[in-house]
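I opened a new page for this structure and wrote down what I looked up, one entry at a time. My notes follow the order in which I went through it.

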Amino acid sequence: MDADALTPVHLDAVMDGLAVNSALPAPMVRRMFGWRRGWGRVAGRPDLTEDMIAEIIALDDEWLLHSLALNDRLPDRFRIQLAAHRDKSVRSALVSRAATAPRAVLERLIDDPEPKVREELARNDHTPSDLRFRLAADPDPAVRAELAKHWTQAPEAVRRILLTDPAATVRAAACATYFARLPHPVPPADLVPALLADPGTRAGAVVHAVLDADTLRSLAEDPDGEVRAQLARHPDVPPNVRDVLAVDPSLRVRVNVFARPDTPEHVRAEIHASVHELAHALVDPGPDADDDALLQWCMDASAPTELRILRLDWVRADPLPHVDSPHVAFRVSAAAGGKALPVDAVARLLDDEEEIVRLTMAYAAPHLVDLATAEAIERRYRRRDKFTFWWDKAEVLTFPPETLRRFATDPEPRLRSFAPRDPDLPPEVAQKLATDPDVRVRRAVAQHRNLPLSSLLRLLADSSEFVAEAAAASPFLPVEQMDRLLTRAGV
């Protein structure tokens, strides 16, 4: 194929692919340093020499330096050098690689003048505990709040400092209903009364409260729907209060009653029906609504989705009784804990009418999925909601070469895109897939070792930037073609 066939439609994407091509020779890696229209991906390569790294730093390009700071293979002396760089995004990028960073870098950044850098340190689980402890006294409340949300297993002394912080935002972050890490922290018992009295921490403290009669009545009558929602999660709520919460005006409260192990099935069914009915009848509060009204509307509107995505630990612990539940969340939770389920129960979950149930069961126990069932699951996959998108990249189920070659001519594009997983795919089959009308298929075959060179070169000029990028990243791209691409890009 002549050089004219190498005219990329998406030159930027091709250069991004070439930047990470493992077969790119060292002199061409250096030439990539001159490319200024990408994200500096070449600086993230694992094979950079110290001379190359020094050259990148000397160029002082924003994106190259940011990518370099994210490079896990970066020698310590260069990280220490970048820790003093004037660009806060470069310093923050160094923090995100704290797991492999020398202590000297983190010691310097713990006192960084930019709060965003210190917030990164507060969030990162690889920040040494003694340095993280210092952030509990950081002058910026945003840093302390990040620490509270992310360091859930901090020593009690740190948690006490954060739970009694003078800033309400920090206290709220330290005693919340949601944390960025699991398990959620339990506040010291002696602080719970004060946390219940504080409007900013009340909702987060409810599940830790001792429910005497006065506390129970006060929480059940609290005007904040989130407080009542957390009360609905408390294991010691008596049946009469639980039943009142089951018809609470806030749908989020009802959802939490729905999820309780002691909720009678007929009450659970009534909640399920009412949540869908009331959410469907919601009226948009309009642009003039106050923040509280808008938040309540958003939570109520999302309640039917919450019913689907609940993950119930008590169901996972004893999944068999819930395999045939009428509620999706219960079947999903059963599937997630179903490794030891009987074969017939696993089969029912793998053939469930809801995609999220089938995929969860397959993910939990791929060894229990036979070949025919695996094909049926992949053939039925349609990404019906955003909670199943993760399956696209999971590659949980595997297929033998003979099945993969059969998929190469399947009417379903998704299955055709699996064919290149066969490392010995015949060249003529790879060539055919490279002309497939579906982008996924062309992208999947772009780096196959048996793809004929003429087909690979055509993919460099593909109408899809994703396909072109994948082709440029192919280690089977000849060096002379790499050189032509660099020349065409002007580097």
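Predicted model: local features only at pLDDT ≥ 70, side-chain atom pairs only at ≥ 80, totals over all residues.

**Entry: α1 and α34**

Helix α1 covers residues 11-19 and helix α34 covers residues 479-488; their axes come within 11 Å and cross at roughly 135°. That angle makes α1 oblique to α34, because roughly antiparallel would need an angle over 145 degrees. I also noted the hand of the crossing, which is left-handed.

Then I looked up who makes the contact. From α1 I listed L11, V14, M15 and L18, and from α34 M482, L485, L486 and R488. Sorted by class, the contact of α1 with α34 has seven nonpolar residues, no polar ones and one charged.

**Entry: α32**

I went to helix α32, residues 453-460, and asked myself which of its residues are buried. My list reads S455, L456, L457, L459 and L460. These buried residues pack against α1 and α34, the pair from my first entry, and also against α30 (427-433), α31 (439-445) and α33 (465-472).

**Entry: the whole chain**

Time to step back. I counted up the secondary structure of the protein chain: 34 helices and zero strands. The C-alpha trace spans about 85 × 60 × 50 Å along its principal axes. The chain has 491 residues, and 49% of them count as buried.

**Entry: α6 and α8**

Next pair. Helix α6 (residues 88-96) and α8 have axes that come within 9 Å and cross at roughly 10°. I wrote α6 down as roughly parallel to α8, since angles under 35 degrees count that way. On the α6 side the contact is made by K88, R91, S92 and V95, and on the α8 side by K116, V117, E120 and L121. In that contact of α6 with α8 I noted three nonpolar residues, one polar and four charged.

**Entry: α8 and α10**

I stayed with α8, which runs over residues 115-123, and looked at α10 beside it: the two axes come within 8 Å and cross at roughly 15°. So α8 is roughly parallel to α10. The crossing here is right-handed.

For this contact my list has P115, R118, E119, A122 and R123 of α8, and A142, V143, E146, L147 and H150 of α10. They divide into five nonpolar, one polar and four charged residues.

**Entry: H150**

Is H150 buried or exposed? I put it down as buried, because its relative accessible area is 12% and the cut-off for buried is under 20%.

I then checked what its side chain reaches, and found the backbone oxygen of E146 at 3.0 Å. Leaving out residues up to four places away in sequence, H150 touches A122, R123, D125, R132, A180 and R181.

**Entry: a cis bond**

I looked up the peptide bond from L182 to P183 and found it cis, with omega near -5°. P183 has its place in the loop between α12 (168-174) and α13 (192-197).

**Entry: two positive phi angles**

D60 is not a glycine, yet its phi is positive, about 60°. I found D60 in the loop between α3 (50-59) and α4 (62-69). Its relative accessibility is 30%, so I noted D60 as partly exposed.

E395 is not a glycine either, and its phi is positive at about 45°. It sits in the loop between α27 (391-394) and α28 (401-407). With a relative accessible area of 51%, E395 goes down as exposed, because the line for exposed is drawn at over 50%.

**Entry: A269**

A269 is in helix α19, residues 265-280. At 40% relative accessible area, A269 is partly exposed. I also checked A269 against H327, which is 58 residues away along the chain: their C-alpha atoms are separated by 8.7 Å.

Methods:
Residues numbered from 1 in each chain as written. Heavy atoms only, no water. Axes fitted to C-alpha atoms, helices over the stretch in contact; angles between N-to-C directions. Helix = DSSP H or I, 4+ residues; strand = E, 2+ residues; numbered from the N terminus. Parallel < 35°, antiparallel > 145°, perpendicular 65-115°, else oblique. Left-handed = near helix turned anticlockwise from the far one by under 90°. Contact = heavy atoms within 4.5 Å. Nonpolar A, V, L, I, M, F, W, Y, C, P; charged D, E, K, R; others polar. Buried < 20%, exposed > 50% of the residue type's maximum accessible area, 1.4 Å probe, protein only. Polar contact = N/O pair within 3.5 Å; in protein donor to acceptor, adjacent residues only side chain to side chain.
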